[in-house]
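This report covers a sheet, a helix packed on it, and the cavities inside the structure. Please look at the sequence and the structure below before reading on.

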Amino acid sequence: MIFAFLFPLGALAAAWAIVARSGAHWLLGVPVFLLVLTLLLLLYVTFWWLMALPVDRTKPIEKQNPRARAGCYSIAGFLCVLAGIKPHISGEKKLPTDSRFLFVCNHRSMFDPLTVIRFLHRWNIAFVSKPSNLRIPMIGDLAYSAGYLAIDRENDRAALRTILTAADYMKRDLCSIGIYPEGTRSRSGELLPFHAGSFKTAQRANVPLAIACVRGTEKVKKRLFLRPTDVYLDILEVIPAEKVKAMSTVELSDNARRLIEEGLKR
């Protein structure tokens, strides 16, 4: 998170120091501030770009790259600060600390995973996402090396490979996995149909299922740079691994949907 505050504070301090030394009018601090901020941003991007260079996407990852994970956290933190997200997290004590788990949540905005990455960082959750997100220069390479996976929902065979890989990551204790069972963002705020097959990931990995709901992220874009946005992330229930194994994917999907619907009414 320190990177998220480094740019404006560093730029402000540098601008103040230059203006104070020169004895110039304080208005000189505005262009100096913007210049130093731009330089710091360039240094920041260059640093993570260099960290992403060694990533080889032709090979499955054997272990999570801690620098890549730190990069995902840093970038998510910076974007959350920039977007003015004011978090309200509840129920995080329910999340397992002694095992990996499958994290499922409703999906309203691009800020949903950023909020989870930033504010549930200690639980090390990597997301299954649409392929275009992992094609973003630099960010896609860091995400891949941190355990994030792309899923092609138009190709059942490719989607199954992603599910198996996600289960393997959790089995090998690389990271927990986050999915959005709706498959895409809901533009209306209403829950879309769930893909029950995505719950197979928890069964194959024999891990608990953590069910959460998010509210408020759909308002972030409208208030961007104007005022902070209250975002609520509630951990509703964690189903133990043995119970997950005993239930069908349809039962898991219906149960998760019911809990999220109730959570959204709060």
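## The sheet

Seven strands form an open sheet in the order 1-7-6-2-5-3-4, with mixed pairing. Strands here are DSSP runs of E with at least two residues, helices are runs of H or I with at least four, and both are numbered from the N terminus. Two strands count as paired if DSSP finds at least two bridges between them. The edges are strand 1 (85-90) and strand 4 (149-150), each with a single partner strand, so one side of each has no neighbour in the sheet.

Strand 3 pairs with strand 4 in the parallel sense over two bridges. In this pairing, Val128 is opposite Leu149 of strand 4.

## Basis of the model

The model is predicted: local features need pLDDT of at least 70 and side-chain atom pairs count only at pLDDT 80 or more, while totals for chains, interfaces and linings use all residues. Residues are numbered from 1 along each chain as its sequence is written, and side-chain values use heavy atoms, with hydrogens and water left out.

## Helix 4

Is helix 4 largely enclosed by the rest of the structure, or open? Eight of its nine residues are buried, so helix 4 is largely enclosed. Buried means under 20% relative accessible area, with a 1.4 Å probe and protein chains only. Among the buried residues of helix 4 are Phe111, Asp112, Leu114 and Arg118.

## The largest cavity

The whole structure holds two cavities of 30 Å³ or more. A cavity is a set of points on a 1 Å grid over the protein atoms alone where a 1.4 Å probe fits but cannot get out, and its lining residues have an atom within 4 Å of a point. A volume is the space filled by probe spheres set on the points, which are joined across faces, edges and corners.

The largest cavity has a volume of about 100 Å³. Its lining has 13 residues, and Arg69, Ile117, Asn124, Ile125 and Tyr148 lie nearest the centre. Helix 3 (66-83), helix 4 (111-119) and strand 3 (125-129) each give two or more residues to this lining. Helix 3 has the largest share, three residues.

## The second largest cavity

The second largest cavity has a volume of about 50 Å³. Residues that line it include Val128, Ile151, Arg153 and Thr162. Helix 6 (residues 156-171) gives the most to this lining, with three residues.

Note on methods:
On a 1 Å grid over the protein atoms alone, a cavity is a set of points where a 1.4 Å probe fits but cannot get out, and a pocket is an open set with protein on both sides within 12 Å along at least five of seven lines; lining residues have an atom within 4 Å of a point. Buried means under 20% relative accessible area, exposed over 50%, partly exposed in between (1.4 Å probe, protein chains only).
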